[in-house]
Structures are given as structure tokens and as C-alpha cells.
Amino acid sequence: MQDALKGIRVVDFGHVLAGPYCTMQLASLGAEVIKVETRARPDEQRAHRGDGTHANLEANSNFFECNLGKLSCSINLTTDEGRALAKRLVATADIVLENMRPGVMTKLGLDYDELVKVKPDLIMLSLSGFGGTGPWRRYAAYNPCFTSVGGVSHLTGYTEKKPNTMTNSGGDARAGTAAVFAAMIALRFRQQTGRGQYIDSSSCEVINSMIGDQMMDYAMNRRSPRRHGNSDAAMAPHNVYRCAGADEWISIAVGSDAEWQGLVRALGSPDWALAPEYATAEGRWTHRDRLDQSIAAWSADKSYYDAMRLLQAEGVPATPSFKAEDLFNDPHVLARGAVQEVDHPVLGRRKTITPPYRLSRTPARIRRTAPQLGGDNDHVFKTLLGMGDAEIARLEDAKVIY
Amino acid sequence: MQGGLKLKVIELCDFVAGPYCGKLLADFGADVIKIEKPGRGDDARHIGPFRDDQPNPEASGTFLYLNTGKRSVTLDIETEDGRAVLRELLRDADVLIEDRMPGELAGLGLGYEDLQALNPGLIVTSITPFGQVGPYRDYKARHLNLYHASGQGYLLPMWAINLDVPPCQGPGYLGLYDGGMAGATATLAALFWRDNGGSGQHIDVSIQHAMMALERSQLRRYVDDGVSPNRTGKGRLLESLVECKDGEFAVVILSSQQQWEGLWRAMGRPEWGIKPPFDTQKGRSDNYAELRKRLNDWSRTVTQNELFHRIQTEGSAAAPILTAEGVFKSEQFRSRNHFVTIDHPVAGPLEYVDQPTRLPNADLPAKRPAPLLGQHTAEVLGGLPGYDRDRLQRLARNGVI
């Protein structure tokens, strides 16, 4: 089996979510990703849990979820020798990623201007909430800040309710995923021209660019769109409907007359559905509240799987609002190979989600579990950097390799 | 010719997911040739937003944004003549992006195996709701359905007061963009490998799978404890939405003692904030409802802007909830050139959100507008061997182009 990014080495100074999320995907495509971390100041994602700090740095399942397939070496960047060592490693790499607060890498002497001296065609990605330039560049940001400033919080939720900052898929995961694209496009340009890049990525800008169509209403009409729950400006029915089981809901989106007729058949052609006002898309939209009530009455005694099958059999776009438990056991998800079991020395064998793209000749896959802190020191320091045992022992004593 | 991506891409896609994939390549200079149905064109041409709400298929905001920098060719691939033209276009293309239902192109003699025989270096990227394999591969799904099918919808709106609040889709067409982003990333990886001694290949993107993978941090909580997380909260103290004096909203971060201390200083160091129960993470978590009330009592005395800068000046994180207007007026977005003005023959000059990935060492061409329907048909097809003016006129008469 071949790997798309075979031969590409990534040095990963990422921590928490967005940065690690990016490099994990590069690893799934075949890059060798080496996480540089230290127990002097562990990745928050290793250390933090619930309302406090956790003693075991190898037991966080969210760290596992965002660091699959990587190697880890421990280098204490607060020491001069540690920074020199990191630079030696970067000199062998193609891509460097970091998501510290803007300015920190400069303070460490590990910013692009310094690193490009040891690797002239380096591709470096810096991820931050607001970006590395501009009046807010020193400001702190976490996922809810990305989604808020990026304009998606205002558009999420129900019209009559408050805006919603979303889960961390909202900002962190999308920022990390966009960074994979950025790394790939930079790599393509390097292949084409031989030149590297410095990419200063703002998570707020990334998330805003993914609602760029919504922004056009302001560009054209000086109008800011509002959140609108599950509804659509033209389609009806277009909503979720309660089903028989506990907190089970089916989503239905009818966008054509043919789909409407399919829905009527799936419901057994009830009399109410033949009302003339429902014969046109406009009529269905105008009377959508009453229509929603009738559909909800139909779905109330069905499981959401049954509702999906009945509607899809008639060509109606309909899916349950799946819960995590459904997804990890759903026949389609399993048939696609979207779930896989991975062993971990502390967490045990557990299910996780695979990379979303299937490449026929260079499959993206989870190559190994998440690394233990410094678990690949031998490989990195001996094999890659050619260091001797004595030097390594000295650096360990000095808490440089730490 | 400037130094953009040297790629020829054929895009056989409608609406959002596939076109976003094409845009991600076109905005970096790739020659993306969009195949549109004669007459109607891309579905996105018909959904707006439109200026003054006047429908015009040449000036839909969604279409304009998602198709910047592409060329448009009208072609009916339901006809044999149309398919012959498409094959000719694909003979020397690098990438085909397509979003037909699984098996549909194979039924037209345009499946991956057919195309591989025509052009072994071709990368075919298929982006569909549920991917090419599995029992739901033929299921239909729109953005609403995919948001819910991926597990993301079930978790929204986050912080719902109880489970009587129905689960909710995400904003705009965010989930469809996720599919396009996955497609573009995989396409570039495949191109890198092809030109590094490999060959063409077929890429199968499931939008459901892409969205599910994005939600992994929440979904894994089921693997942790056997209980599906839901929208009533993540069970721990992380953040709070607050309402400001000017009626605007903001978010404050409560995830650590350090965050709290900066927020507390910004509030003017109120005494209650250093006394039990509010002096520890646990105490604040256990008394979250009362904490939120006190935070809002303070936030209603300051504007959104004052709150944001005061907390950030104290070293803690906070953010204003911005509307589209807020984004367009933000000094931060402005100073980083987040917008680009593009002139379009029908829609005129408008400010678009630009690509957030900027490549300082690439000499990219200036941003070009989205194409008019069939704007480049003669230009593109006229360059194909054997397609002289007479033949093109015949195809046009027969409604093929």
C-alpha cells in the first residue's frame, strides 16, 4: 500500500485542538509527524480534564482523538539547548506547524525567519484565533471566540433564541482541517516552484470563509442574515420531527414536487396531504406550521430508523438526528469503514473515527495510536538526528530532553 | 501567465459542496472548467441572496461566492454528443470533481474505470452525501439532513435548556463546505503523489463522514462512558454567553482559574469573585446558574466592545458575537485583508470574503469573478481538436451546448 505523503516530515509544535487536528490528518495521508512536547509544560489536552488538572498525562481520550498516528519527542523549549535541538529537527523537516499565541515562537527564536535559515524551502503554518497581524494579534481565543468573531455563532440556533457558540467542531476542528488544505496547497506549490511558504492562519477568518455565501447578503444589501433553526427560506417541510424513542428526531427536507409526492406516498396518502394548498412549493411553505404538525403526528409512533427507511424508499431526503451511539453502530457508517478500533496502552482498545476521504491507491488511514509523551525519543534523537547515548543522557539530566 | 496552480480541473457539480472544492483550487489559480446544464445552470444560481431580492441566475450571492475564478461551459452530458465533448475535455485534465449519485456516471460510460483508460493520470474526486459504498449510498440528503446525520445537529443548540428544544442544524451550508474542503484536501494529496512517481486515482468523499470526523471530540464521549452526549451541555464549566448594554452578545471563557482571574479583574475585582463559592473552578461550576446571573449583571453595564477589550487587556479570552455587518466592519478583519473586491459583469463590484490561506511566496493571479452561464463555452470547446465552428454550431442547435 502506498502513502500519498510518503517522505514528508512534519514537526508539530501544536497543542490543544486546532494544531494537533491538522497534523493528525497529515499523518493519516502518510506524512511522518513528530510532535515536540515537554512535561515541563504539557499539552493542555493531555493535562486538563473537567474542572482541574489530571495527573496522568497518558489518559486523556480527547488527546487520543487529536493525535492519532503521530510520533512524540520531548524537548523542553524553555532551555537554550532545547531550542537548538528543535532547530536541528526542523532542518530535516518539510512542514512545521505551531498554534501558540502569536509572538511566542519569536520569543523562543523559533519563528519562520529563524527556521527558514536551517530549511530554506520550509512550509510553516501558524494557527491562531485572530491571526498573527492586526490590532487583535495579541488577544487570546478559544473555540467559542472563533465561532463568535467568525460570524457563525450569530447564525446558529433558533430565531427566537440566543446565538449559539457551537461545539468544538465549530471552530477548532474546522480551523485544523483548513490548515491541512493550506499545507497541501503549499506543498503543491513547492512541488511546482521549489519555494516554501509561511502561512499565518486566523481561525476566525477560516470559519467566516465557510459561510461566505451568507456574507454576500451584507455585501449586496447591507443586511445581516439571522439564525433560522432548521427552517429554510423556500423549502417546506424542512424541519426535524419527534419520533417514538427517547429524544429521537427525524430530519426531512422536501425541495421539489416529486419529493413532496414521495413523502405523501410514504405517509400512506392521508387525506390532509391532498389539500390543495399543499400542491405547490409556495403553498407548502406558507402553511408550513400546520404541515409540520401533521408530519409530527405521523412520525410520533415510529422509530427514527423506520421513518428514514420509509421516506428514503420514496426518494425523500430524510435522516435521523443521529446520536454518538447510533453512529458508532450504524450499518452504513460501519460498511464505509468510518469507525475503527485502535489500541492504546492506557485507554485500552477503543473505537474512533477514520479519515473521511477514501483514496483508491493511497488510502488515508490511522497508522498508529496516539503517542506517549517522549515515546519516540530514541527514533528521533538516535535514528533521525544521529545523536549518541552519552549526549542524550546528558540532555535528559539537564531536563532538555524532558 | 502568473504563478498560480498549473492544473486543469473539470467540475461537474451543483450547489455548494462540489463547487466549494472547485473554488478552493480556482482561487489559487487552477483552470477550473465548470460544466453546467444548458438553460438552468448550477442550482446555486437560483437560491440567492439577490440584490434587492430580485432573482437573477447571473447574480446569486451563493453562486458568485462559490464559483470565483472558474470558467463556465454549458454541456448536456445526457446526450452522446455531450459525453464525447466531456471525454475530450478530460483527456488532458488533471482532476475531475463530480457530485452525481453513485453509479450515475458509470451508467453514462463515464465511471472511474472508463476515465482511467482515457487518462491514467486523472484524479476523479467524488463528493456525495454518504460516499460511494454502503447501504445509504443512494440516500438523498440536503444540508439539514447531513447536519443531523453526522451527529453534529444532535449536539445543537449547545446549552439547550432541556431536550424539548429540538436538535438544530448548523449555519448556512457549513456542512456542505466541510465536504468540499475534504475533497480539495484529498485531491491535492493525490496530485502530490501522482507527480511524485504515482498515478491518477479515485477519491470517495462522504460528507456525512467528513462532518462526523469533525465532531470526534464530542462523539468520543460515548466511547468513554457509553452515554451519547447531548445538547444540554458538556457537563463542565467552559464559557458563558452574556448580554451587553448595547443589546449585543459576547462570550466569556471560564475554562480555568487563570481565565477567571483576568475576567474578574476586568469586572472591577468584585468581592464575591474571591469568596466561596466563586473562588474556585469547582465552586463556580457547582453554582453555574448564579454565576451566569452575576456575569450578566456586570455585562449589562458595558458595551460589547468595552467588554471584549477590557477582558482581553487583562490577558483572558473573550469575544464579541458578530453579525455579518460586524465582520465587515471589524478592524481586525479589515487590517488583514479578509475581503477582496471583485467586479462582475452583472452583479457589479462587491466585497467578497477572500481565501483565508494566503501564500506570500506564490505569485497568484488577481481574483476573477464567477462566470456567466456558458460564458466560456466557445472559448474552451473551440480549443479542442476537431471542434471547429460548424461542429459547435451544430451542437448548439441540438441543445447539447
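This note comments on selected structural features of chains A and B.

1. Basis. The structure is a predicted model, in which local features need pLDDT of at least 70, side-chain atom pairs count only at pLDDT 80 or more, and totals for chains, interfaces and linings use all residues. Residues are numbered from 1 along each chain as its sequence is written, chains are lettered from A and ligands numbered from 1 in the order in which they are written, and side-chain values use heavy atoms, with hydrogens and water left out.

2. Domains of chain B. Domain 1 comprises 8-215 + 371-397, and domain 2 comprises 239-328; such bounds come from an automatic or database domain assignment. Taken over C-alpha atoms, the centres of these two domains of chain B are 43 Å apart.

3. Strand β4 of chain B. Helices (H or I, at least four residues) and strands (E, at least two) are DSSP runs, numbered from the N terminus. Strand β4(B) covers residues 95-98; B:V95 and B:I97 point one way, B:L96 and B:E98 the other way, and all are buried. Buried here means under 20% relative accessible area, exposed over 50%, and partly exposed in between (1.4 Å probe, protein chains only).

4. Neighbours of β4(B). Two strands pair if DSSP finds at least two bridges between them. Strand β1(B), residues 8-12, runs parallel to β4(B) and is joined to it by 4 bridges; B:E11 has B:I97 as its bridge partner in β4(B). Strand β5(B), residues 123-128, is likewise parallel to β4(B), with 4 bridges, and B:V124 in β5(B) stands opposite B:L96.

5. Helix α7 of chain B. This helix spans residues 174-194, 21 residues in total, and its first and last C-alpha atoms are 30 Å apart, close to the 30 Å expected at 1.5 Å a residue. The expected span is 1.5 Å times one less than the number of residues. Of the 21 residues of α7(B), 21 are buried.

6. Cysteines. With a disulfide taken as a pair of cysteine sulfur atoms within 2.5 Å, the whole structure contains 0 disulfides over all chains. The sulfur of A:C204 is too far for a bond because its closest cysteine sulfur, in A:C145, is 7.7 Å away; A:C204 is buried at 1% relative accessibility. For B:C168, the closest cysteine sulfur is that of A:C243 at 17 Å, too far for a bond, and B:C168 is also buried at 1% relative accessibility.

7. A:N60. This residue lies in the loop between β4 (52-53) and α3 (61-66) of chain A, and is buried with a relative accessible area of 5%. A polar atom of the A:N60 side chain lies 2.7 Å from the backbone oxygen of A:Q45.

Notes
A polar contact is a pair of N or O atoms within 3.5 Å; within protein, one must be able to donate a hydrogen and the other to accept it, and residues adjacent in sequence count only if both atoms are side-chain atoms.
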